[in-house]
Amino acid sequence: MNTCSCIGISTMKPCCRLLISCRNSSVFGSPIPKCNHNHLVANNLSKSKFKVDKFCRSHTFNNRILGYKRVNNSNRKAFNVSDSNWVQSRVFTSCSVDKSKCFSLVANVASDIRNHSTAVEKPQVNEKGFESIYIQGGLNVKPLVIERIEIIPDVGEVSKEEVNNDRSVNVDDLKGLNGINVSIHEREVSVVEKEAWKLLRDAVVNYCGIPVGTVAANDPGEKQPLNYDQVFVRDFVPSALAFLLNGEGEIVRNFLLHTLQLQSWEKTVDCYSPGQGLMPASFKVKTMPLDGSDGAVEDVLDPDFGESAIGRVAPVDSGLWWIILLRAYGKLTGDYGLQERVDVQTGIRLILNLCLTDGFDMFPSLLVTDGSCMIDRRMGIHGHPLEIQALFYSALRCSREMLIVNDVTKNLVAAINNRLSALSFHIREYYWVDMKKLNEIYRYKTEEYSTDAVNKFNIYPDQIPSWLVDWIPEEGGYLIGNLEPGHMDFRFFTLGNLWSIVSSLGTHKQNEGILNLIEAKWDDLVAHMPLKICYPALEYEEWRIITGSDPKNTPWSYHNGGSWPTLLWQFTLACIKMKRPELARKAVALAEKRLSVDQWPEYYDMRGGRFVGKQSRLFQTWTIAGFLTSKMLLENPEKASKLFWDEDYELLEICVCALSKSGRKKCSRGVSKSQIHI
């Protein structure tokens, strides 16, 4: 018998590892059938009170998915769901071909209700448990609305001959659009772009017959793929934007929903359970045989929360990128129904609660360990690295846009506003470096204990490196890589600075200064291949001590001063925002000359980026996607404007410290008090 079923397992106890699976029956070598995710549903949980690990069949339903009660009101503020009434379940899906039915097996215990409240959000617990929990519409809440698409009245198939001469239709691009016939403006693309699109589509990963992401690298000659055959959250972002800008939203929607199902699983390093809301660094689709079934197999989603990573470090940036991509999906498709779903709203809140939880740290910046972001090896970025702060700021701004405000979320929204205000002031005031600021640091007094201290972090002037004095231009500056007590990391980290421009974490003048510096130091930061991940590289004894003599992060290689073409799309977005697209075009033209010839490598080595990285994977997906996204952003600046943020003047009103010297002391105390009272 061939069936399609869903199994929900509570993740209350971290004693075992669970996998999301999609079963497929294979008879006489027949291909694995597709799973219809419109029918992956679960019954009202109030009718499903079973014991854990005992599965029983339920009824057949259509177009529903495990979720929560929605208030039927067009006013978004009327939406009211308490986190404490939600049992986080993992859905096991199994597919077959005989019947187009789907059965639900749900295992839940009322005592497994998790209280998701933290210091920033304390909703009341409803002792009645689950009441009428559901989402109408299932996976198809709203149809995709794709810009620059013209609906054709004829219901029949559209061929290129039926469209007028100045228009044409890429039939492959119309798949997944719910059968709507459309006509899309097709532009002239170069040979390199056509190759890139083919490689990007070849990298797509399917789960139960539907696309859910792209592998990190798809080199046919690679015999040891390591974890490059997995779908990474951060790596998929440029791929997702390329698909969205091309009018293909299905794969992005699927990715967002499936990674949401993987949220907050147990970490297996020494059996320690992570905080709720943790997003995996990556996941892999595995095809596994079913026990006791001859020829039957199942698709399994196996997430990695860092337990398989080089340094066994949980990814801090995955959840932040997920929130940023969720907003981009809504902006570029018009499908805001996805972000309004209760499971998605809960996912956002879990990530924010994890990031906003009170701890020992006194700074508004996020405290993280080494290797918790794009630089996933030891590189001396532990503490408060700029990259995480810029992504954190962006995720907070995204969440404030997408969160439905009600009695449950109002405290969380207030906490977001306070954190945004404090974080923007902190980064703008203490991370910014230009010639004027260097002169101030050079004359710092040390051992200042009062609240009126100018040198608040006890920075010794001797920390100013000799290379910086002659390197920094008269016009321009940048945000340093890290700030801790008695330590300023003066290295230039490209991703953090670019994303500070995109998110308006820096002031308008600072954003202009960053691009001025990149233009002035073009030979150092761009050279033959954009863009340096950081500058300068750690060398000699400094490299040995800080990296632990890492043979992959040797000077001017990989994370230690290597050139990463995937940073091109973020550079392009920053240039478009600051009305400097000519800089981006210049960088894209450099990359276009070499990427295809060099087989789309992961990174480049040496000061000028002239050598393909010594351990660089070829046909790296985010290299391909970054190039395509950059090209489309330059041709569609109106779409690029949907992906960045302008200055938020409400935050300036909250944070008066940016306006006067006397306001700084008042602000720092006021922000501290406001955080205590939440």
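Leucine 483 sits in strand E13, strands here being DSSP runs labelled E of at least two residues, and helices DSSP runs labelled H or I of at least four, both numbered from the N terminus. This is a predicted model, in which local features need pLDDT of at least 70 and side-chain atom pairs count only at pLDDT 80 or more, while totals for chains, interfaces and linings use all residues. Residues are numbered from 1 along each chain as its sequence is written, and side-chain values use heavy atoms, with hydrogens and water left out.

Back to leucine 483: it's buried, at a relative accessible area of 4% (buried is under 20%, exposed over 50%, partly exposed in between, with a 1.4 Å probe and protein chains only). Setting aside neighbours within four places in sequence, leucine 483 is in contact with His384, His426, Tyr430, Tyr431, Phe457, Ile459 and Met488, contact meaning heavy atoms within 4.5 Å. Leucine 386 lies 97 residues from leucine 483 in sequence, yet their C-alpha atoms are 8.5 Å apart in space.

Now zoom out to the sheet. It's an open one of four strands, ordered E12-E13-E14-E15 with antiparallel pairing; two strands pair if DSSP finds at least two bridges between them. Strands E12 (432-433) and E15 (534-535) are the edges, and each has a single partner strand, so one side of each has no neighbour in the sheet. E12 is joined to E13 (residues 478-484) by two bridges, and the two run antiparallel. Look for tryptophan 432, which stands opposite leucine 479 in E13. Helix H11 (residues 494-503) packs on the sheet, touching E13 and E14 (487-493), and its direction makes about 80° with that of E14.

Next, helix H8 (residues 410-430), where you'll find serine 424. Serine 424 is buried too, with a relative accessible area of 7%. Not counting residues up to four places away in sequence, serine 424 touches Tyr393 and Leu505.

Finally, a helix pair. H1 (residues 191-202) and H17 (residues 621-635) pack at about 130°, their axes 9 Å apart; axes are lines fitted to C-alpha atoms, for helices over the stretch in contact, and angles run from 0 to 180 degrees between N-to-C directions. That makes H1 oblique to H17 (under 35 degrees is roughly parallel, over 145 roughly antiparallel, 65 to 115 roughly perpendicular, and the rest oblique). Among the residues making the contact are Trp197 and Leu200 of H1, and Phe627 and Met632 of H17.
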